[in-house]
Amino acid sequence: MPLDERIITEAIVDEYFAKFKSSLDLDVAIVGGGPSGLTAARLLAADGFNVALFERKLSLGGGMWGGGMTYNVIVVQEESVHLLTDVGVPVKRYKDNYFTADAVGATTTLASAACLAGAKVFNCMSVEDVVLREVDGGKRVTGIVINSSPVEIAGLHVDPVVLGCKYLVEATGHAVEVLHTLVKKNDVKLNTPSGGIEGEQSMWAEVAETNTVKNTREIFPGLYVAGMAANASFGSYRMGPIFGGMLLSGEKVAADIAAKLRG
Ligand code: 48F
């Protein structure tokens, strides 16, 4: 079979920039490809929304690959099992309310399901800031400022580019990077008890898991927090290698935003 390298290049460039161009005005931009972001991306895309997920690393999956301390098994609670079985991840009851799944199988399947549902994934892409606008007498997030991760990692002085979104989901895990940037650069008040980022507390899995879902909400006009970022923003605990709360948080943020978008 004859092969022309220029056509291979042309195919990549054409397809990539068609995807990029169709992401200029997103319904939902999701930052972070961990379990909460992937679940939200899958459900919103399956609902027909224009959704894109931005992940700094080459691989999707965030902190789920290694289970606990690289023992690559995850634990989930019964109420979240459907979010794995719906996409075909085999789940075993360990005992009582504790279920296990292979961490690598679960991570790859969640990532695959999000892509196949129609979420546009931009890996190797960092979200470094947000776009703010005055809307109805107050500030609102209306877009994201993105840069190529290799540019960021190399510390090169290259300006980013901007995409618009109706809603932004911060699913960046413990660091809550985007929110920190928003608060540092702007005189804004968040929808938290102190008006700022409350910060994460130490390990308490039971409370943390419940709170991850409760704390999944709009923390600033146009900006939702999900997954571990929700607890780090609202001042709750960490939970370690139990992932049910992450999946349920993704489901909740997808449902809340879908309801808003539908009006
Ligand atoms: O941390 P992460 O897996 O997020 P999560 O969905 O899940 C948390 C659990 O993995 C675990 C836990 C469960 O008990 O506590 O930690 O809340 O994935 C976050 C992803 O966001 C990416 C990062 O590389 C990771 O893959 N990320 C972080 N900041 C940015 C980013 C950024 N500014 N731009 C793009 N991606």
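The lining of the second largest pocket comprises five nonpolar, five polar and three charged residues. The model is predicted: local features require pLDDT of at least 70 and side-chain atom pairs pLDDT 80 or more, whereas totals for chains, interfaces and linings use all residues. Residues are numbered from 1 along each chain as its sequence is written, and side-chain values use heavy atoms, without hydrogens and water.

**Second largest pocket**
- This pocket (an open set of points on a 1 Å grid over the protein atoms alone, where a 1.4 Å probe fits, with protein on both sides within 12 Å along at least five of seven lines) holds about 210 Å³ of space.
- Its lining (residues with an atom within 4 Å of a point) has 13 members, with Q77, E79, N97, E206 and E209 nearest the centre.

**Largest pocket**
- The ligand sits in the largest pocket, that is, more than half of its atoms lie within 2 Å of the grid points.
- The volume of the largest pocket is about 770 Å³.
- Its lining numbers 34 residues, and G62, G63, T172, G173 and H174 are the closest to the centre.
- By class, this lining has 16 nonpolar, 13 polar and five charged residues.

**Ligand surroundings**
- The ligand is surrounded by 27 residues (a heavy atom within 4 Å), and the closest are S36, E55, G63, M228 and G240.
- This shell divides into 11 nonpolar, 12 polar and four charged residues.
- A polar backbone atom of G63 lies 2.8 Å from an oxygen atom of the ligand.
- A nitrogen atom of the ligand is 2.9 Å from a polar side-chain atom of E177.
- A polar backbone atom of I242 is 3.4 Å from an oxygen atom of the ligand.

Methods
A polar contact is a pair of N or O atoms within 3.5 Å; within protein, one must be able to donate a hydrogen and the other to accept it, and residues adjacent in sequence count only if both atoms are side-chain atoms. Ala, Val, Leu, Ile, Met, Phe, Trp, Tyr, Cys and Pro count as nonpolar, Asp, Glu, Lys and Arg as charged, and the others, Gly among them, as polar. Grid points are joined across faces, edges and corners, and a volume is the space filled by probe spheres set on the points.
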